[in-house]
Amino acid sequence: NLDKLFDDLVKKKNVNDTKSYTFQLLQNKNLLARKIGEESLETILEYLSNDKDSLIKESADLLYHLNVMWISADIVPSDIWNELHKRTGTSGIEEKRNRKK
């Protein structure tokens, strides 16, 4: 599950292991941001191509990179879940309209 993935990745945050991809991403904000963009696009393309197996793989890649970004930004999954909970019962259209600009 996502909480276990997050916990496993947090353990790699302070382990200076240049062979660790997670450690490398956490040391290079620009690389991590590019990977998020790349994985997002790949996920969208697989969705549009109706390739379920590839969509699953790309979604896993995206979730991995997103979790690494959260760690880099000092965000924990409960921060995200709490935000989603606050939006419960609110139309997505209404929620977007009420966002601070």
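This is a predicted model: local features need pLDDT of at least 70, side-chain atom pairs count only at pLDDT 80 or more; totals for chains, interfaces and linings use all residues.

Mentor: We will go from the overall layout to one helix pair, then to the aromatic rings and one histidine.

Trainee: How much of the protein is buried?

Mentor: Buried residues are 21% of the 101 residues. Buried means under 20% relative accessible area, exposed over 50%, and partly exposed in between, with a 1.4 Å probe and protein chains only.

Trainee: Now the helix pair. At what angle do α1 and α4 pack?

Mentor: Helix α1 (residues 2–10) and helix α4 (residues 52–72) pack at about 55°, with their axes 10 Å apart. Axes are lines fitted to C-alpha atoms, for helices over the stretch in contact, and angles run from 0 to 180 degrees between N-to-C directions. The two helices are therefore oblique to each other. Angles under 35 degrees count as roughly parallel, over 145 as roughly antiparallel, 65 to 115 as roughly perpendicular and the rest as oblique.

Trainee: Which residues make the contact?

Mentor: From α1 they are Leu2, Leu5, Phe6, Leu9 and Val10, and from α4 they are Leu63, Tyr64, Asn67, Val68, Trp70 and Ile71. Contact means heavy atoms within 4.5 Å.

Trainee: Tyr64 is on that list. What else does Tyr64 touch?

Mentor: Not counting residues up to four places away in sequence, Tyr64 touches Leu5, Leu9, Tyr21, Thr22 and Leu25. Tyr64 is buried, with a relative accessible area of 17%.

Trainee: On to the rings. How many aromatic pairs are there?

Mentor: The count comes to two aromatic pairs. Rings of Phe, Tyr and Trp (its six-membered ring) pair if their centres lie within 6.5 Å; planes under 30 degrees apart count as stacked, over 60 as edge-to-face and the rest as tilted. The rings of Tyr21 and Tyr64 have centres 6.1 Å apart and planes at 15°, so that pair is stacked. Tyr21 lies in helix α2 (residues 21–27) and Tyr64 in helix α4, so the pair ties together parts 43 residues apart in sequence.

Trainee: Is Tyr21 buried or partly exposed?

Mentor: Tyr21 is partly exposed, with a relative accessible area of 37%.

Trainee: What about the rings of Trp70 and Trp81?

Mentor: Their centres are 6.2 Å apart and their planes at 85°, so the pair is edge-to-face. Trp70 is in helix α4 and Trp81 in helix α5 (residues 77–86), eleven residues apart. Trp70 is buried at 9% relative accessible area, while Trp81 counts as partly exposed at 33%.

Trainee: Last one. Where is His65?

Mentor: His65 is in helix α4. His65 is buried, with a relative accessible area of 4%. Leaving out residues up to four places away in sequence, His65 touches Tyr21, Leu25, Leu32, Lys35, Ile36 and Glu39.

Notes. Residues are numbered from 1 along each chain as its sequence is written. Side-chain values use heavy atoms; hydrogens and water are left out. Helices (H or I, at least four residues) and strands (E, at least two) are DSSP runs, numbered from the N terminus.
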